[in-house]
Amino acid sequence: MPDVTLLDDPDSLWLDPSRRERVNIPPVPPPEQSPEESVKNFRPVFLGYSEEQAIIEATRCIHCPKPEPCIVACPLHNDIPTALLAIEERRYEDAANIFRATSNLPEICGRLCPQEILCEGSCTVGGYDRPVNIGKLEAFCSDWQRERQSFPRPQLAPPSGRRVAIVGSGPAGLAVAEELTKLGHAVVVYEDWPLPGGLLRYGIPSFKLDKHIVNEKIAYLESLGIRFVCHTRVGQDIPFDDLYRQYDAVFLGIGAPMSRHIQLPGEDLQGVYQAKEFLARGNVPLDELPAWMRKPLQVGERVVVIGGGDTAVDCVRTARRLQVQQGITNGSVVNYYRGTLFEMRAREEEYAHARAEGVHYEFLATPVRFIGDEQGRVRQIEMQRMRSKPSDQPQRKPSRLRIPIPGSNFIVPADTVVLAIGYEGDPLIPNQVPVLKTTAPGIFKVESEETGRTTLEGIFAAGDDVHGADLIVTAVAAGRFVARAIDEYLRTKNG
Ligand SMILES: Cc1cc2nc3c(=O)[nH]c(=O)nc-3n(C[C@H](O)[C@H](O)[C@H](O)COP(=O)(O)OP(=O)(O)OC[C@H]3O[C@@H](n4cnc5c(N)ncnc54)[C@H](O)[C@@H]3O)c2cc1C
């Protein structure tokens, strides 16, 4: 094992013999189900590192001089090098606690963060070989601790006598709930879906995140005294004003739950789904769904998914599994995207899984209309090819980069279509409370992401309902900041 006392001088980085020894250790690929196997089930594809594998992979960290780029790149600023050293020294519990000191969901972020653009994207070892598999190591040590000892119980501050309502139980709401409870405040979480978890339960498929991890986290939060009131859409089932009057503060963590509509002819045909419904019905057990969704999802032989983000990849992989489970042996799943592969927002890792599981990709093509039969079922899609728009301006969005090619239309067969073209905020609450200002429909205006103070005193917001659809880790990071701001507000509030 290489020496761990490394020089703290940036110039010595590659001169340090111990570091040279570390970068020469071959990477340990994360163990996974084979694509032939994974497409037959909804179990997680990532199988988890063994202790031996984790130790070798952790030893590849060269412990860069400060400021360590991986810590800087992590929105939660997890102390990654210290945690990896603990793994290397077989102190797995210490490693987990280092992640837990700055993160409420390390077992989830370890699996689902786009590490390639965050910690691993800035890992110095990446300039030499594959970056250290930081995410999978975070998942390894936090699983190790949770499975053997459950979640460590924090010291709770004495009760403050203050009550906080949290609307939404996604990563932002869960982080705020946990932090405020540790600070001694009584927390009640209101959730629209039948069970808590937000997109962790009702969006992200089980083959990326086993739901027992979400269930265990919720059970742990309940054991701290947090109460979840589900099946309750604030603004519809109970007025927002009730919460405003009954609680000392309200946190809005409602995400960006509205599917963006494509607004094309035939969007309402049978067999055309919004990604939100398709993923929930395709992945979540029927008894955990709202009554109107409790019907098994039948896919056809020709599934077409429209979109280029993580949601589209989750949909194509769900569709492949459903085809296999429903005995469709000669079916196809095709993902059409209006931009190029380079512009796709989906994670490279997930795209590679989708390809390996048999999904076909078509780029630079967009739908024009959905064509149905006499029974009103979708049968075909008219597509159109796209090309680059000449521009002097650097453009990022494919919508601004691409223009349709006249006369390039073509027809593709489709009996199931899934629209995965993005999510938007829900204007329900701001429409009822006009003093709550927004920057876009359902996206709350806040003083700053650090305080999350909305334009109504005592009401705070963070997560996707502030910066639009984003990431788990950014929702958790914002939630932690805002919990501190709520605590300060409660401690200085009169009455
Ligand atoms: C299909 C899909 C896959 C994704 N995959 C990844 C991934 O791999 N990695 C990653 O980092 N991010 C991923 N994301 C993004 C990530 O899930 C979100 O950024 C994150 O969940 C946002 O957290 P949040 O708490 O702000 O909102 P959400 O998780 O959306 O939670 C908001 C909750 O509020 C509830 N709610 C809304 N309105 C009300 C109301 N009026 N009353 C009561 N409750 C209400 C909703 O039902 C929901 O449960 C994915 C998103 C999707 C859609």
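At what angle do helix α13 and helix α14 pack, and how far apart are their axes? In this predicted model, helix α13 (residues 275-283) packs on helix α14 (residues 310-325) at an angle of about 40 degrees, and the two axes are 10 Å apart.

**Figure 1. Close-up of the packing of α13 and α14.** The crossing of α13 and α14 is left-handed. From α13, the residues in the contact are Ala 275, Phe 278, Leu 279, Gly 282 and Asn 283, and they meet Thr 311, Asp 314, Cys 315, Thr 318 and Leu 322 of α14. By class, the residues of this contact comprise five nonpolar, four polar and one charged.

**Figure 2. Close-up of the shell around the ligand.** The ligand is surrounded by 42 residues, of which the closest are Gly 168, Gly 170, Gly 198, Gly 255 and Gly 463. Two or more residues of the shell come from each of the elements α9 (171-182), α14, α17 (428-432), α18 (464-467) and α19 (472-492). The shell is made up of 21 nonpolar, 11 polar and 10 charged residues. Because residues of both domain 2 (163-257 + 425-492) and domain 3 (259-423) contribute to this shell, the ligand lies between these two domains.

**Figure 3. Close-up of the contact between domain 1 and domain 3.** The domain assignment divides the chain into domain 1 (10-149), domain 2, which is given as two segments (163-257 + 425-492), and domain 3 (259-423). Between the C-alpha centres of domain 1 and domain 3 the distance is 33 Å, and the contact takes eight residues from domain 1 and 10 residues from domain 3. On the side of domain 1 that touches domain 3, the residues are five nonpolar, one polar and two charged.

**Figure 4. Close-up of the backbone at Pro 67 and at His 231.** Most residues other than glycine have a negative phi, and most peptide bonds are trans. The peptide bond that leads from Lys 66 to Pro 67, however, is cis, with omega near -5 degrees, and Pro 67 sits in the loop that runs between α3 (51-58) and α4 (69-73). His 231, a residue other than glycine, has a positive phi, near 55 degrees, and is located in the loop between β3 (227-229) and α12 (240-246).

Definitions and conventions:
Residues numbered from 1 in each chain as written. Predicted model: local features only at pLDDT ≥ 70, side-chain atom pairs only at ≥ 80, totals over all residues. Axes fitted to C-alpha atoms, helices over the stretch in contact; angles between N-to-C directions. Helix = DSSP H or I, 4+ residues; strand = E, 2+ residues; numbered from the N terminus. Left-handed = near helix turned anticlockwise from the far one by under 90°. Contact = placed C-beta atoms within 7 Å. Nonpolar A, V, L, I, M, F, W, Y, C, P; charged D, E, K, R; others polar. Near = placed C-beta within 6 Å. Domains from an automatic or database assignment.
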